[in-house]
Every structure is written in structure tokens, then in C-alpha cells.
Amino acid sequence: MSSSNKNLKIYNSLSSQKEVFNSINKKMVGMYVCGPTVYNTVHLGNCRTFVSFDLIFRYLKHLGYKVRYVRNITDVGHLEDDTQEDKISKRAALEKLEPMEIVQKYTNDFRNTLQKFNLLNPNIEPTATGHIIDQIEMIEKIIKNGFAYVKNGSVYFDIKEFNKKYKYGRLSNRNLDDLINESRQLKGSDEKKNPQDFALWKKAGKKHIMKWNSPWGDGFPGWHIECSAMGHKYLGKQFDIHGGGIDLKFPHHDCEIAQSESVYGNNPANYWIHTNMLTLNGKKMSKSLDNSVFPNEIFNGSNKEFSKKFSPMTLKFFMYQAHYRNTLDISNHALLAAEKGFEKIKMLAGEISTINESKKNDFNASEWVDECYDALNDDFNSPKLIAKLFDLHKTVSEIKNRTKSIDLKNKKILIRFYKVFYSEILGLDDDNLTHEKYDEILELILELREKERLSKNYEKSDYIRDKLSELGVKINDKI
Ligand code: AMP
Ligand code: ZN
């Protein structure tokens, strides 16, 4: 294991400060991140959160930990705030599809998009519908311990009862009295003892498709219970890291903590990490605000807010130029600047390997490497790391201009660690052959063939035509 992990500090939302990272098991890390609700095309804001956790996942692995990264798929139980309709069921009615077709369609979209960003797959991607029994069992335990009550076939978490022993709202620093005052104005459900009580299980009406049999009749789980049940199942009663977007802090994560405490007597995770929001014109990008920018629109240049198309890696570089705990505003101007910067950094690998080494040395590569690790150890500070890459770009230019020199030993360190930071940790290599790139390559081949054909080099042009035909690409020449 590398020595640099001793210094890793993580900002823990529970204590609101940076803490030295100590995993429960010396060599392993358990990390649970709340995944998407698959009822809609994933937008760039969602992507930012998963891009941020990819860096965390990659860096922990780089430090030598065996990481079990669990990221769930919410495919039932996430209700609309106002109408209390299940988001998946509502979308299914709208698109005239089965709810499970909606789930499949948007899960595929989610996975394809994250692949374009070159994100590593989590180790387990459990779904809520695949864990109904686990959720029912956990709800039964909460009832047995006296922290939930059954009403007309639904089960609600009893926050006042819970608060007699524990403290609800620790993560978001809310206290129950404030919450009671806030929610007086809210339309309370008649079934709940208190408006702040949240559903663990909802009774399903006759027309409801996504429902399961339970000790309380046919119904479906509430949103918060799935993460508690699946987190415990795959990572244990207490694990290292729990993450998600900052908008999930309350109520979702405070409810998760309450559920775990009421069954196991402890907070499920030692470190809570929350990523901040991607905004557009200063407003949170959100499915409900209807201001979403979709990744494909950026990759193919069809979004009117942007003057041209940008590659997934440019977007990723742009995201990493901000720290994950700060908000980040996307704009055409910002992407153009990121693209320019990324071009410089991208070229570095080739440039480092072609610089001439000399006997003299003006650049301490080990020091530079240490500073890069310092950036990452400082709560995964990607903008600081990128600033170090820009420093390196400047130095390499100076060495090329012969205003500075580097010896072989330091050059070798640079070659090795540039790759570590750029490829292994930031994951900026674009080795996916995207559809757009495939189209561009095909266009190039056709153009070359056309040139051969017009110059009457029929042997070559026919060869290309036949080979393409074998691959299933048919060409119809217009005489
Ligand atoms: P959802 O599918 O809405 O549950 O969101 C999936 C994940 O994306 C959650 O962790 C959210 O916190 C996160 N998320 C949603 N909107 C944004 C945004 N504008 N910027 C960053 N993360 C977001
Ligand atoms: Zn969750």
C-alpha cells in the first residue's frame, strides 16, 4: 500500500469538517452512493455527481484499498413531491410503456452515458425492486423496535418516537421543533401521526402495477428504505463511506440514518460525502425545473445554449476544474475555456516523452508528484491537481525552449506519474469509440474511396467497397 494514503483527508458532512480517513478494515473500503431514479434521461447535473464519485473510487483504489462500490438503481417508490405519484409509474403511463420498460430504457441510457465519460462500473448495482424482501424485513424490525406504525395498509416512520431516543436531522442540522413549525403549513396526510413522518411502505391501489405482497397487504416500499436495506445487505451494519448529491442530504440521508439507528443502533456510515450541484444560469439543473442539458446534446452539438459540440472528456475536464463541494455553472464560455485548457494537458504525454534530457536538472519531479498527492489527499481536490498539470505544461514548454533542463531520472518520474494522475485517477483517456467518432471515421474512409474512384483507381476503390460490404456497410455509387 502506498504511503500517501496515511494523509488522506475527507470532508465529512456529519462533522462539517475535514477528517483523516481511517477505514474500518485496514485494506478494504465499503462505499455506497445513491444512484439515479430511472424515469428520465440522465442530465449533466446527475453526471457531475457520478463523475465526482468516480474520482473518489479511482483514488481509493490507487491507494491500494480493495473498494466495494455499491450504487443503487431506484426503480420503484420515489414519489413526486406534490402529487405523491410514483415517478416510474407516472412516466410509464405517459410513454404508454410497462413500468419495467421505463426502468430498462433509462437504466440503459444511464449506463451508456456514464460509459462515454469513461467512469468505472460500481462493483454492485442493486435495484429496489430486486430487494423487496430485504426492505420488508427491515421495516418489520423498525416496527418491532417501536419506531414505526401501520395505518390502513401503509407503514410510517414515527419521528417523534425516534427522537425520544435518537436525534433526527443530524446530517442536515435540523431539529425536530423547526421541522414541525416548517411543516405546519404543509398539507399533512391524514394517515400520519405527524406530517414529518415518512412512508416506509405504501398501500397500493387496485390499478397500481408495481406492487408486492407484504404483511400489511399489497403495496410498495418508500424511497428511503431501499438504500438502508441494500447498504446493510452488501456493506454491513456500518461501513466507511456513504455519498450522494447534496440535495439528498435532507430528507433522504437523514431518513436513512434514522432507519439504521432504529434497527442497528448506529449511523450506517462513518464518512458522509455530498457533491455539489451543477447549475445552468445559476439555477440547479434539475428534471423538475425543466432546465436540463442532456449529455448527447452537448456531444453532438444540438443544444442551442452552446456554440459547438464538446467531447465527453472536455466535459469531464471542465467538471474537475471545480472542487466537488462547490457549485459549478455550465456555460458556452466556460466549456470553450475548458476545451482550450484540456488540449494543452492532453498533449503532455507525448511532449514529455519527446523532450531531450540533459545532465543538468532544474525540475524536481518527485516534489511535483508529492504536490499532486497533496492535492488529492486534501479531500480529492481535483482543481488543485489540474493546476499542477498546468504547471507541468509550463515547465515542459520551458524545457523544450531550452530555458530549463531535465535529467533522465526526473523525466522518467514525470512519464510514470503523468499517466497515474491523468489516466488512472482522473480517467481522462478517451479510448471509447463513440458513435460520433465511428461516423467520422466511416466518412473519412468513404471520402478516400471516392477520391480513388474519381481517379479511376478502381482496384483500390472496389477493394474498399467489398471490405466495407463484408462488414455490413453497403455503398451505392451514383455512377
Ligand atoms: P436523481 O435521479 O434525481 O435521484 O439524481 C441522481 C443523483 O444526481 C443524485 O445523487 C442527485 O443528488 C444528483 N443530482 C441531481 N441534480 C444534480 C445537479 N444539478 N448537479 C449535481 N448532481 C445532481
Ligand atoms: Zn439513497
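**Aromatic contacts and a helix crossing**

Ring pairs join Tyr59, Trp368, Tyr373, Phe380, Phe417 and Phe421 into a cluster. The model is predicted, with local features requiring pLDDT of at least 70 and side-chain atom pairs counting only at pLDDT 80 or more, while totals for chains, interfaces and linings use all residues. Residues are numbered from 1 along each chain as its sequence is written, and side-chain values use heavy atoms, with hydrogens and water left out.

Aromatic pairs
- The structure holds 23 aromatic pairs, a pair being rings of Phe, Tyr or Trp (its six-membered ring) with centres within 6.5 Å, stacked if the planes are under 30 degrees apart, edge-to-face if over 60 and tilted for the rest.
- Tyr373 and Phe417 form an edge-to-face pair, at 6.3 Å centre to centre and with 80 degrees between the planes.
- Because Tyr373 lies in helix H12 (residues 365–377) and Phe417 in helix H14 (residues 408–425), this pair ties together parts 44 residues apart in sequence; helices are DSSP runs (H or I, at least four residues) numbered from the N terminus.
- Tyr373 counts as buried at 10% relative accessibility, as does Phe417 at 12%, where buried means under 20% relative accessible area (1.4 Å probe, protein chains only).

Charges over rings
- Lys308 lies over the face of Phe310, 4.4 Å from the ring centre, and Arg325 lies over the face of Tyr11 at 3.9 Å, the criterion being NZ of Lys or CZ of Arg within 6 Å of the ring centre and within 35 degrees of the ring normal.

Helix contact
- Residues of H7, including Trp223 and His232, meet residues of H8, including Pro251 and Tyr264, contact meaning heavy atoms within 4.5 Å.

Technical notes:
Chains lettered and ligands numbered in written order. Helix = DSSP H or I, 4+ residues; strand = E, 2+ residues; numbered from the N terminus. Buried < 20%, exposed > 50% of the residue type's maximum accessible area, 1.4 Å probe, protein only.
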